[in-house]
Amino acid sequence: MSGLLQLTKGHGTENDFLLVADPDGLLDIGPDLVAALCDRRAGIGADGLIRAVRSGALPEGAAYDEATWFMDYRNADGSIAEMCGNGVRVFARFLAAQGLVEPDLPLSVATRGGLKAVRFEDDGAITVGMGVPGPGPERVTVTTGAGQWTASGVHLPNPHAVALVDDPDAVGTLVDVPLVEPATAYPEGVNVEFVQVVAPGLLRMRVHERGVGETRSCGTGICAAAVVAARSHPGTSTWQVEVPGGTCSVALLPDGTLELTGPAVLVATLEVDPSALTRWRIPA
Ligand SMILES: N[C@@H](CCC[C@H](N)C(=O)O)C(=O)O
């Protein structure tokens, strides 16, 4: 990758992303460059990087005739994930701001986790259809430096382990990756949510994200938390989920699908010289 890279910084409930428009899929932004850009000291800093590529320009997007745009999402460590619930809202905001989609009109976004329907709400929030949650391991054990809890698995379709706890603030610093056992339960790693049911319809949550660390929000994790909490409150179909970075809401619809609604904000556009990133070397 040579030359300057034009990036936009945005966030959804402080789950923050770098976004880059690459309509024809020409930019070579590999895992090392993603990690260097997302580094909060030697780079710009973000929980992940999202490349906007026309679906037809990528082998992974070619099957999605209905969606013009593919969300190519990577975690801060450069790893690929199936979906990002906060990211897809910020992605829609970015496409609209770049003039790549009609402002305010609903759109379909192609992701590695399938097609996602996105709509812009009148109050400025963005709603995304998250599909039907998939089952995960029924019961795993999660251990942090502060204790041990049981958790249940949900796929959205990225992997989550949701532990219902009395107080998310008491689960420790989450600097270290929580230990999830048995180790065979999630061969590709897992996002871990610590969730307090404050009242039917209201949750508080902290999350440790695969490929990132503790983040201030995780949209797919928020949906997974609502799915697990609703098992004990089957009459409650709308859940507000408070995370350190704000609040999102989840609707559990009669057809078994979920909708996630929350903010999506763009805060800056910038140009980066990749050769100046000390943690990245131009491949030989
Ligand atoms: N922050 C995201 C989830 C991003 C992917 C996750 N870290 C994974 O590896 O599965 C969200 O808002 O859903």
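Visitor: How are residues numbered, and what pLDDT do local features need?
Guide: Residues are numbered from 1 along each chain as its sequence is written. In this predicted model, side-chain atom pairs count only at pLDDT 80 or more, totals for chains, interfaces and linings use all residues, and local features need pLDDT of at least 70.

Visitor: Into which domains is the protein divided, and how far apart are their C-alpha centres?
Guide: The protein is divided into domain 1 (5-125 + 265-276) and domain 2 (134-262), with bounds from an automatic or database domain assignment. Their C-alpha centres are separated by 23 Å.

Visitor: Which element gives the most to the shell around the ligand?
Guide: Helices (H or I, at least four residues) and strands (E, at least two) are DSSP runs, numbered from the N terminus. With three residues, the largest contribution to the shell is from α2.

Visitor: Which residues does UniProt mark as "active site", and what is the largest C-alpha distance?
Guide: The unreviewed UniProt entry places this feature at Cys-84 and Cys-218; such positions are given in the numbering used here, feature names are shortened, and annotations may be inferred rather than shown by experiment. They are spread over 135 residues of sequence but cluster in space, with a largest C-alpha distance of 7.6 Å.

Visitor: Is Cys-218 buried or exposed?
Guide: A residue is buried if 20 or more other C-beta atoms, placed from the backbone, lie within 10 Å of its own, exposed if 12 or fewer, and partly exposed in between. Cys-218 has 36 such atoms within 10 Å, so Cys-218 is buried.

Visitor: Which residues is Cys-84 in contact with, leaving aside neighbours within four places in sequence?
Guide: Two residues are in contact if their C-beta atoms, placed from the backbone, lie within 7 Å. Cys-84 sits in the loop between β4 (69-75) and α2. Its contacts beyond those neighbours are Gly-48, Tyr-73, Gly-219 and Thr-220.

Visitor: Is Arg-139 buried or exposed?
Guide: Arg-139 belongs to the loop between β8 (134-135) and β9 (140-144). Because 10 other C-beta atoms lie within 10 Å, Arg-139 is exposed.
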